[in-house]
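Here is a short briefing for a reader new to this structure. Start with the view below, then read the points by topic.

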Amino acid sequence: MLPYGRQSIDETDVEAAVAALRSDWLTTGPEVERFEAAVAARAGVPHAVSVTSGTAALHVAYAATGVGPGDEVVTTPLTFVATAAAAALQGATVVFADVDPGTGNLDPRAAEAAVTERTRVVTGVDYAGVPVDAAAFRDLADRKGLLFLEDAAHSIGSTLDGRPVGSLADLTTYSFFPTKNLTTAEGGAVVTADDALAARARSFKNHGLVRDRAAQRYPDEGPWHQEVHAFGLNYRLPDVLAAVGTSQLARLDAFVARRAEVKAAYDEAFRDLDEVELPVRPEGAAPAWHLYPLRVPADRRRAIFESLRAQGVGVQVNYIPAYWHPVFEDLGYRRGQCPVAEGYYRREISLPMFPGLTDADVERVVDATRHALATAR
Ligand SMILES: *Cc1c(COP(=O)(O)O)cnc(C)c1O
């Protein structure tokens, strides 16, 4: 089965991991600092805080914003559940707003209509790698006094009007899961230009420990002393994985370039089919295509999906609307509240998309997809 996503690991990544394993530092060492500096440089901001997953990055980001019980977070339902779950875990109320029918990204007008006096954060997701309309969310956040968070699990390497994803929002989160645009096996990061948000993120991912004597309440306790001012967790990315990340980052441009070639080949192959809709690229966006979301007729989506799987093409569906998960249903969220996102979901199939796809693989996916579209009922 051809997978829908897959890591690209080479000998330099293997050597980087092995060198870290042989060093004095398996975790909390110099490879973590090196990786964070490289991620921050790529994002075009001063601060990167590495963590153990994209979900941890979201949790750390929400903790840094200080959202809690009584606060509302407006976000998209067309995402992996973690975007919403991490806010709910902090005690915030998640409010889902509908998406743009073309890109599948959170619609700034729908988000604005969902804002109340309790809203503290608006979280966009760069679906498939396409950056959200950052100027509109910046404007909304400034007018309403909110923080703008960007879940960029799909979009490290994307740019908007020449600016890198990571520099567009108050806080941006990345995932380095194997299917994402670059990997550390498990891993993630929060990037920001804001010193205070960065400090809170860094503290939360390390138990909330305060080591700086100047900031301690009891600095004279002794040379061993460190103290906790706010609860945190241990979300530290080990040096072994950070070293892989730094090695991978050196090839991000090549990964993005191959993804663009695959995207162009699919577009070309399906352009003549009027029963499908191809991914939409907004003006000014240069996406690192994490997914290739093809939209097919809703009433045949399942049959087409099953046909592709039967032909050995490992397709996926991204995503079931987040509030369809029973955990949200049990909280009173109901189907039908974001009809555009639900309609997008009902037609969506993600075709294989990763840098290691050969031209022959792409041709095979194209043939299988055209066959499925012609025959599956
Ligand atoms: C993958 C993903 C996450 C979670 O990242 P993990 O590293 O798997 O924890 C969050 N949001 C989106 C949109 C994702 O695709």
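The points below cover the model, its domains, their interface, the ligand and the salt bridges.

This is a predicted model, in which local features need pLDDT of at least 70 and side-chain atom pairs count only at pLDDT 80 or more, while totals for chains, interfaces and linings use all residues. Residues are numbered from 1 along each chain as its sequence is written, and side-chain values use heavy atoms, without hydrogens or water.

**Domains**
- The protein chain is assigned domain 1 (11–249) and domain 2 (252–375); the bounds come from an automatic or database domain assignment.
- The C-alpha centres of domain 1 and domain 2 lie 26 Å apart.
- Their contact (heavy atoms within 4.5 Å) takes 37 residues from domain 1 and 35 residues from domain 2.

**The interface**
- Domain 1 and domain 2 bury about 3000 Å² between them, with 63% of it on carbon and sulfur atoms. Buried area is the accessible area (1.4 Å probe) that two parts lose on being put together, summed over both.
- Phe96, Tyr127 and Asn181 supply 19% of the area that domain 1 buries against domain 2, more than any other three residues.
- Between the two domains the count is one salt bridge. A salt bridge is a side-chain nitrogen of Lys or Arg within 4 Å of a carboxyl oxygen of Asp or Glu.
- The side chains of Arg42 and Asp253 form a salt bridge, at 2.9 Å from N to O.

**The ligand**
- 15 residues surround the ligand, each with a heavy atom within 4 Å of it.
- The closest are Gly54, Thr55, Asp151, Ser175 and Lys180.
- An N or O atom in the side chain of Thr55 is 2.6 Å from a ligand oxygen atom.
- For Ser175, the side-chain N or O atom is 2.7 Å from an oxygen atom of the ligand.
- A polar side-chain atom of His154 lies 2.9 Å from an oxygen atom of the ligand.

**Salt bridges**
- Side chains of opposite charge can pair when their charged atoms come close.
- The count comes to 23 salt bridges.
- One of them joins Arg120 and Asp71, with the closest N and O atoms 3.0 Å apart.

Terms used. A polar contact is a pair of N or O atoms within 3.5 Å; within protein, one must be able to donate a hydrogen and the other to accept it, and residues adjacent in sequence count only if both atoms are side-chain atoms.
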